[in-house]
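Thanks, everyone. I'll take a few minutes on one model, so please have a look at it on the screen.

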Amino acid sequence: QESVFTLSGELSKPLETVAPNAFKCFQIPLEARSGAEQFLKLAGVNEFRLFPDLDGLARFINES
């Protein structure tokens with residue numbers, strides 16, 4: 001999993017409306033949150049992988 005940062009000249013609209021072919025918004029129902037978190041954990045997605053700095057490392061260690 002990797003990500004990039006984007007800059008947009010249109011700050012008042014969500015990116016998925018500015019460039020609908022490039023971005024998609026997914027809403028996860030509250031009752032599916034626990035299962036989604038477990039899936040991401042099993043897939044190796046964690047705070048430190050998403051935010052590879054000291055704060056991300058601290059949150060990763062804290063959640064373990």
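Start with α2. This helix gives the most to the lining of the largest pocket, with five residues. Keep in mind that we are looking at a predicted model.

How big is that pocket? The volume of the largest pocket is about 290 Å³. Two elements each give two or more residues to its lining: α2, residues 33-42, and α3, residues 47-50.

Now the residues themselves. The lining is made up of R33, A36, E37, L40, K41, V45, N46, E47, L50 and E63. Sort them by class and you get five charged, four nonpolar and one polar.

Back to α2 for a moment. Is this helix buried or in the open? It lies largely in the open, because of its 10 residues the number buried is zero. Buried here means under 20% relative accessible area.

Next, the surface. There is a nonpolar patch there, formed by F48, L54, L57 and I61. Together these four have about 390 Å² of accessible area. Which helix gives the most to the patch? That is α4, residues 54-63, with three residues.

L57 sits in helix α4. Its relative accessible area is 30%, so L57 counts as partly exposed. That class runs between the 20% limit for buried and the 50% limit for exposed.

To recap: the largest pocket takes five lining residues from α2, and the nonpolar patch takes three from α4. That's it from me.

Technical notes
Residues numbered from 1 in each chain as written. Predicted model: local features only at pLDDT ≥ 70, side-chain atom pairs only at ≥ 80, totals over all residues. Heavy atoms only, no water. 1 Å grid on protein atoms, 1.4 Å probe; cavity = no way out; pocket = protein on both sides within 12 Å on 5 of 7 lines; lining within 4 Å. Points joined across faces, edges and corners; volume = space filled by probe spheres on them. Helix = DSSP H or I, 4+ residues; strand = E, 2+ residues; numbered from the N terminus. Nonpolar A, V, L, I, M, F, W, Y, C, P; charged D, E, K, R; others polar. Patch = residues over 30% accessible without salt bridge, like charges linked within 9 Å, V, L, I, M, F, W, Y side chains within 5 Å. Areas by Shrake-Rupley, 256 points an atom, 1.4 Å probe, with all protein chains shown as cover. Salt bridge = Lys/Arg side-chain N within 4 Å of Asp/Glu carboxyl O. Buried < 20%, exposed > 50% of the residue type's maximum accessible area, 1.4 Å probe, protein only.
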